[in-house]
Structure formats: C-alpha cells, structure tokens
Amino acid sequence: MAEAGDIGTALLGKLGCDDVRLRLSRSYSPDTSLWRVAAYRFDVLAGDEPAGTISLRPGASYLLTHLAGQIGFSIEPACRGRGLAGKAVKALLPLAKACGLTELWLTTTPDNLASRRTLERLGCALVEEVTIPEDYESYARGERLKLRYRLELG
Ligand SMILES: CC(C)(COP(=O)(O)OP(=O)(O)OC[C@H]1O[C@@H](n2cnc3c(N)ncnc32)[C@H](O)[C@@H]1OP(=O)(O)O)[C@@H](O)C(=O)NCCC(=O)NCCS
C-alpha cells in the first residue's frame with residue numbers, strides 16, 4: 001500500500017465532487033497514526049464553508065476493515081441534509097485508488113440511519129453485522145454491533 005509521502009501533493013490538493021472540496025488538514029505516518037497506517041484527514045468545504053471532516057485510513061487490519069472502517073466522516077449539524085457526506089466520500093475515491101485500494105470497507109451502527117443511507121446511495125453493499133469486542137473504544141459508549149459495507153472501486 002502507498003505511504004503518505006508517495007502520494008502527490010497535486011492529487012491531495014484537487015480532491016472534490018460537485019460543490020464539495022476537500023482540504024487536507026493533517027496527514028499521518030504509520031508511526032503517528034492511531035491506525036498504524038499512513039492516513040489523511042480533510043476538512044469538507046461546501047463552497048468555501050467548512051462543513052465537516054473526512055478521513056482516509058487505507059490499511060487492511062481487522063480494526064479498519066471490520067470495526068473503524070477505512071473512511072470516517074462527520075458533517076456539522078448546521079450543514080446536514082444536503083448529502084455532503086456522500087459527495088465527500090466520492091471526492092476521496094481518487095486518493096483511495098492512488099493508495100492501492102480496489103475496494104473500501106466502511107462501517108456504521110444499525111441506528112445511524114443517515115450514515116446507512118449515505119452508504120447505500122453511494123452504492124455500498126451491506127456485507128455483514130460484526131459484534132463489537134469489549135476492548136473496542138465504542139463498546140464503552142454502549143455500541144454492540146457494526147454494519148460492514150463494501151464499496152467496489154472498479
Ligand atoms: C452521517 C452524516 C455524516 C450524514 O450527513 P449528511 O451528508 O448531511 O446526510 P443527509 O442529512 O444529507 O442525509 C443523507 C441521507 O440520509 C437520510 N437521512 C438522514 N437522517 C435520517 C434519519 N434520521 N432517518 C432516515 N434517513 C435519514 C436523508 O434523507 C438522506 O437520504 P436521501 O439522500 O435519500 O435524501 C451526519 O449525519 C453526521 O455527521 N452524523 C454524525 C457523525 C456520524 O454519524 N458519522 C458517520 C459515522 S459511521
């Protein structure tokens with residue numbers, strides 16, 4: 001898998017989809033990343049307005065492919081309702097491919113209907129439910145199940 005330093009700054013600087021643009025806020029080396037892989041965090045800009053964040057963690061550990069997911073996103077409450085998370089994921093796909101991924105694993109919880117709908121509209125396939133182990137961070141917040149989705153990158 002490609003390392004952070006291998007990805008061209010030109011690609012990192014031009015990620016966008018429709019009216020959404022991604023602005024790199026932080027890149028992590030495997031040594032500094034919580035996920036032990038090179039990872040990227042972006043601000044999601046709608047026009048010029050900061051509307052949320054999205055991260056790509058292109059690793060193949062169980063933690064990433066079954067629990068945390070290789071992409072994480074969040075949209076500010078005031079900016080929700082415009083499908084921005086889906087556009088941000090689409091904007092990130094060229095980077096995922098440049099990192100060597102041929103499929104993406106994304107996860108959410110059964111009660112997160114906005115996230116589930118976002119993934120379904122992107123064409124992600126629901127593959128399975130995964131039981132959250134007691135030592136995973138969200139277990140303490142009461143989460144017990146993850147839904148695991150796959151997006152083919154084609
Ligand atoms: C998940 C999240 C990023 C989606 O934000 P968004 O892009 O603004 O999503 P939208 O509000 O446009 O909703 C996307 C779709 O879900 C639907 N939806 C939203 N809330 C819903 C609900 N409570 N019940 C059912 N459907 C819902 C919308 O109608 C829309 O469907 P449509 O495209 O068919 O119209 C946002 O809710 C968020 O930041 N939540 C907190 C962080 C989070 O959960 N991140 C994901 C972790 S896996």
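Let's start at Ala88: skipping neighbours within four places in sequence, Ala88 is in contact with Val20, Leu22, Val44, Ile54 and Phe73 (contact means C-beta atoms, placed from the backbone, within 7 Å). Keep in mind that this is a predicted model, where local features need pLDDT of at least 70, side-chain atom pairs count only at pLDDT 80 or more, and totals for chains, interfaces and linings use all residues. Numbering starts from 1 along each chain as its sequence is written.

Ala88 is also among the residues with the most contacts inside the largest nonpolar core, a set of 36 residues. Such a core is made of buried Ala, Val, Leu, Ile, Met, Phe, Trp, Tyr and Cys joined through C-beta atoms within 7 Å, and buried means 20 or more other C-beta atoms within 10 Å of a residue's own. Elements giving two or more residues include strand S2 (20–28), strand S3 (39–46) and helix H3 (84–98), with H3 giving the most, eight residues. Helices here are DSSP runs of H or I with at least four residues, strands runs of E with at least two.

Now for the ligand. Its shell has 18 residues, and Arg80, Ala85, Leu113, Ala114 and Arg117 come nearest (the cut-off is a C-beta atom, placed from the backbone, within 6 Å). Helix H4 (113–121) is one of the elements supplying at least two shell residues; H4 has the largest share, six.

Zooming out, the protein chain has four helices and eight strands, and its C-alpha atoms fill a box of roughly 40 × 35 × 30 Å along the principal axes.

Terms used. A residue is buried if 20 or more other C-beta atoms lie within 10 Å of its own, exposed if 12 or fewer, and partly exposed in between; C-beta atoms are placed from the backbone. Two residues are in contact if their C-beta atoms, placed from the backbone, lie within 7 Å.
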